[in-house]
Amino acid sequence: MGVSTVGLIPPGFPSLTLPEMTLIEQLLPGALGIALMSFTETIAAGRAFARPGEPPIDANRELVTTGAANAAGALFGAMPAGGGTSQTAVVRAVGGRSQKASLVTAATALATMLFLATL
């Protein structure tokens, strides 16, 4: 039909890999920029979509959790994590009002890696 496929999606969890320490000097300036932009967007999205009566956004807590997610993700070669306005808008549009929405998304991604990738 003239449409290319994505290709093979390896099933299971990604393998644990340690970051290449020799690349730190080259990657540090870009990584700091990405971290700053990710943190800024995370806080902006949280404040923009906060509803009256919800607890206020704690910037320090957001920074620590985003950093922890990125540190863990680095061991598996993940893309940098961070909150975003488009993801938040979609979750709010479909009625997501708690962390359950993120847990459903994570469970779906996990099911895809473990079971659906082989299809």
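Helices are DSSP runs of H or I with at least four residues, strands are runs of E with at least two, and both are numbered from the N terminus. By this rule Thr-42 lies in helix α1. The model is predicted, so local features need pLDDT of at least 70, side-chain atom pairs count only at pLDDT 80 or more, and totals for chains, interfaces and linings use all residues. Residues are numbered from 1 along each chain as its sequence is written, and side-chain values use heavy atoms, with hydrogens and water left out.

Helix α1 was examined for length and shape.

A residue is buried under 20% relative accessible area, exposed over 50%, and partly exposed in between (1.4 Å probe, protein chains only). The buried residues of α1 are Ser-38, Thr-42, Ile-43 and Ala-45. Their cover includes α2 and α3. An α-helix has 3.6 residues a turn, so residues three or four places apart point the same way.

Contact means heavy atoms within 4.5 Å. Ser-38 lies in helix α1 and has a relative accessible area of 14%, so it counts as buried. Beyond its neighbours within four places in sequence, Ser-38 touches Thr-66, Ala-81, Gly-82 and Gly-83. Thr-42 is buried as well, at 8% relative accessible area. With neighbours within four places again set aside, the contacts of Thr-42 are Glu-62, Thr-66, Gly-82 and Gly-83.

Ile-57 sits in the loop between α1 (24-48) and α2 (59-74). Its relative accessible area is 28%, so Ile-57 is partly exposed. Apart from neighbours within four places in sequence, Ile-57 is in contact with Ile-43, Gly-46, Arg-47 and Glu-62.

Side chains of opposite charge can pair when their charged atoms come close. A salt bridge is defined as a side-chain nitrogen of Lys or Arg within 4 Å of a carboxyl oxygen of Asp or Glu. The structure holds 1 salt bridge. Arg-92 forms a salt bridge with Glu-54, and the closest N and O atoms are 3.5 Å apart. Arg-92 lies in helix α3 and Glu-54 in the loop between α1 and α2, so the pair ties together parts that are 38 residues apart in sequence. Both ends were checked for accessibility. Arg-92 is partly exposed, with 21% relative accessible area. Glu-54 is partly exposed too, at 32%.

Residues elsewhere were compared by position and accessibility. Val-90 is placed in helix α3 and is exposed, at 53% relative accessible area. The C-alpha atoms of Val-90 and Thr-5 are 27 Å apart, and the two residues are 85 residues apart along the chain. Ile-9 lies in the segment before α1. At 44% relative accessibility, Ile-9 is partly exposed. Between the C-alpha atoms of Ile-9 and Arg-92, 83 residues apart along the chain, the separation is 30 Å. Lys-100 belongs to helix α4 and is exposed, at 63%. A separation of 18 Å divides the C-alpha atoms of Lys-100 and Ser-86, 14 residues apart along the chain.

The surface also carries a nonpolar patch. Patches are made of residues with over 30% relative accessible area and no salt bridge; like charges are joined within 9 Å, and nonpolar side chains (Val, Leu, Ile, Met, Phe, Trp, Tyr) within 5 Å. Accessible areas come from the Shrake-Rupley method with a 1.4 Å probe, and for residues only the protein chains shown count as cover. The patch is formed by Phe-13, Leu-110, Leu-114, Phe-115, Leu-116 and Leu-119, with about 680 Å² of accessible area together. Leu-119 lies in the segment after α4 (100-116). Its relative accessible area is 85%, so Leu-119 is exposed.
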